[in-house]
Amino acid sequence: MRRRLIRRGCVWVGFWAIAYVCRAAATDPNPAGAVPNLQGVTVPGLPPVTSHIHVDQFGYLPDEAKVAVISDPIRGFNAGDHFAPGPNLELCRAADRTVVFGGPVELRDGGAVDAISGDRGWWFDFGAVRQPGRYYVFDRQSGLRSPVFRIGADVFDPILRAAVRVFFYQREAIAHAAPNADAPWQDGPSFLQDGETHAVWAGQDASTERDLRGGWADAGDTNKYPPFLGEVIHPLLYAWQANPAVFTDDFNLPESGNGLPDLLDEVKWELDWLMKMQDADGGVFIKMGMASNAGAERANSPYSRDRHPRFYAPKCSASTIMTAGVLAHASRVYAAFGPWKGYAAQLRVRAELAWEWYRSHPRSYDCDTHAVLSGLANLSPAEQDAAEAIAGLHLWKLTGEARYHDAFRAKVGSLRQLSQPGWAPYWMGAAEALFEYLKSPGADGATCARITQAYQAALRTPFFIPQNNSDELYRAWMPASAYHWGSNRTRACFGLAALHGADSGLGGPLNGWLRQHALNELHALHGVNPFSLVYLTNMSRFGAELSASRIYHEWFGEAPPPGYLAGGPNRDYDGSLEWVRQQPPAKAYVEAINAPEVRSYELTEPGIYYQATYVRLLTAFTAQAAAR
């Protein structure tokens, strides 16, 4: 991934919709690269759809708040595409167009223009409808409808499966073949040359050769970075711990049917590679990948065609302390399974070895010199302190040794949730450890009080979560500053911050509201946004009428598999499309052009950390979790 910190033709929105959407794309008045309007007859027998009535295109849980957002664009690329609903809207059953509910629309904030989106609008509350089924919101005045969606306890279950399977498609050194991989996303084993990876500082010196095959490609690029895995492995393990019932053994992975949870099978693929990155003395190499921009030479072609040599960068304190925490957490989880008890013991040994290396070697903040290209993997002093705190907590939970507990308490203040005003949405995947600590036998009372007080103080700050829904038209508030590179992950983190507070009881009387806010952040990713766009790729088979069709990815850019979370709007976009920089924050997004000067990776590139955070949030609202 490149860090600072479409072919749109025929979008598949159902068998009947192909011809219409192709026409819409060809005549769309939006500027080059903009998400096209969702419009026209896309489902036979139903009224035309409009992008002005925004709903979660997957659906809603029966007992949650359900509010459709109706938009009238005032600022941004679609200003002038005006829309005003009738005074009353209807909820119709899709099967027979029967009206099951009707009610008035509510003008949001007296008709004020929302600064984040540049739209003004209305809300239509249909929360009284709880009966499972397929529905749409209908405006009789215009004759237009919202996308079709479901109400039901299991509306997010198939979405979770698609999101988890993204990690399988990111695997390296394995064949992506039927029945596990669908066409056209099939390929032979890739990057087998990683079995002969050399030190980047030694060229082709055979004495430095290491077998580093396996693991997941980090993002749209194919490099692999241990320092970033705290925001990948921790949230995935916490997803399992939060709702193990949903992670069954039938996700259509190569390991499916082995009697073990597929999510943990998938995480093990990455853990196996991570242990290869650890040297015998416990130190961990900071990253591995290409020493050239070779990936651009074969853009949108299968990875197996790439034969360029690959290299690893030096051992570093950043990668080593992050690995210590990840392996310790994993050891705790895998030890619960008989077939993995030996594996868990190996993880423990390696976690403690990494800790000892980190504590006995000087810290470094610049060992990634960018000789291996793409993202810089160095961590700052504060970030390494935070990683040390997280590693200390997991090692204490694993071993019971006081020295690890002492290290956690000494460094816990370095986490951004405690060191900055509000409850920062960054490092949120690892920071779930703070809530785990509150429930841990033997936890220090003063440290627990510090965590509790910081979270409850954040509830009183407007940066965290304003308690007035009128602050944001689309009901999923983020500050303008959060619409940066990877903003969709930040949105999921805001959802997690609310969810953790509700689940831990720290919200007090606000717990129900916090849980709904977490759902609202999901709804924003699923279509309740200015584009009426599901930010997951290729989700028509799961019910989406408009989903992301193109991302920055060295293989899957043109037509990605289902379930990748695109990066999201970026008000700091620095590419060649000047009009994007002129947008309100929530509209600073394009997906249709991948020319180098466009720098679409700043907007659409996925990342395994984005994906893991989204999976963690979504896990809380599957059928099994909702029934608790």
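The structure is a predicted model. Ala-524 is part of helix α13, which covers residues 511–525. From Ala-524 to Ala-219 the C-alpha distance is 22 Å, and the two are 305 residues apart in sequence. The protein holds 17 helices and 19 strands. Its radius of gyration is 24 Å, close to the 25 Å that the globule rule gives for 628 residues, so the protein is as compact as a globular protein of that length.

**Overall build**

- The C-alpha trace spans about 75 × 55 × 45 Å along the principal axes of the protein.
- Of the 628 residues, 64% count as buried.
- The protein has an accessible surface of about 21,000 Å². Carbon and sulfur atoms account for 53% of that surface.
- The protein carries 57 positive and 65 negative charges. The mean positions of these two sets lie 2 Å apart.

**Helix α16**

- Helix α16 runs through residues 608–619, which makes 12 residues.
- At 1.5 Å a residue, α16 should span 16 Å.
- α16 is mostly covered, with 12 of its 12 residues buried.
- Three tyrosines are among the buried residues of α16: Tyr-609, Tyr-610 and Tyr-614.
- The buried residues of α16 also include Gln-611, Thr-613, Arg-616 and Thr-619.
- Ile-608, Ala-612, Val-615, Leu-617 and Leu-618 are buried in α16 as well.

- Strands of a sheet pair through backbone hydrogen bonds, in either a parallel or an antiparallel sense.
- β5 (residues 67–73) and β9 (residues 119–125) are joined by seven bridges in the antiparallel sense.
- Val-67 sits opposite Asp-125 of β9.

**The three-stranded sheet**

- Another open sheet is built from three strands in the order β13-β16-β15. Here the pairing is mixed.
- The edges are β13 and β15 (288–289). Each of these has a single partner strand, so one side of each lacks a neighbour in the sheet.
- β13 pairs with β16 (residues 311–312) in the parallel sense, over two bridges.
- His-198 has Phe-311 of β16 as its bridge partner.

- Strand β18 covers residues 534–537. Val-534 and Leu-536 point one way from this strand, while Tyr-535 and Thr-537 point the other way.
- All four of these β18 residues are buried.
- β18 pairs with β19 (residues 547–548) in the parallel sense, over two bridges.
- Val-534 has Ser-547 of β19 as its bridge partner.

**Cis peptide bonds**

- The bond from Ala-178 to Pro-179 is cis, and its omega is near 5°. Pro-179 belongs to the loop between α2 (157–169) and β13 (198–199).
- The bond from Ala-183 to Pro-184 is also cis, with omega near 10°. Pro-184 is located in the loop between α2 and β13.

- Arg-97 is not a glycine, yet its phi is positive, near 65°. This residue lies in the loop between β6 (88–93) and β7 (99–104).
- Arg-97 has a relative accessible area of 42%, so it is partly exposed.
- Arg-599, not a glycine either, has a positive phi of about 55°. Its place is the loop between α14 (578–581) and α15 (601–604).
- The relative accessibility of Arg-599 is 27%, so it counts as partly exposed.

Terms used. Residues numbered from 1 in each chain as written. Predicted model: local features only at pLDDT ≥ 70, side-chain atom pairs only at ≥ 80, totals over all residues. Heavy atoms only, no water. Helix = DSSP H or I, 4+ residues; strand = E, 2+ residues; numbered from the N terminus. Expected span 1.5 Å × (residues − 1). Buried < 20%, exposed > 50% of the residue type's maximum accessible area, 1.4 Å probe, protein only. Pairing = 2+ DSSP bridges. Rg over C-alpha atoms; globule rule 2.2 N^0.38 Å. Areas by Shrake-Rupley, 256 points an atom, 1.4 Å probe, with all protein chains shown as cover. Lys, Arg positive; Asp, Glu negative; His and termini not counted. Charge placed at Lys NZ, Arg CZ, Asp CG, Glu CD.
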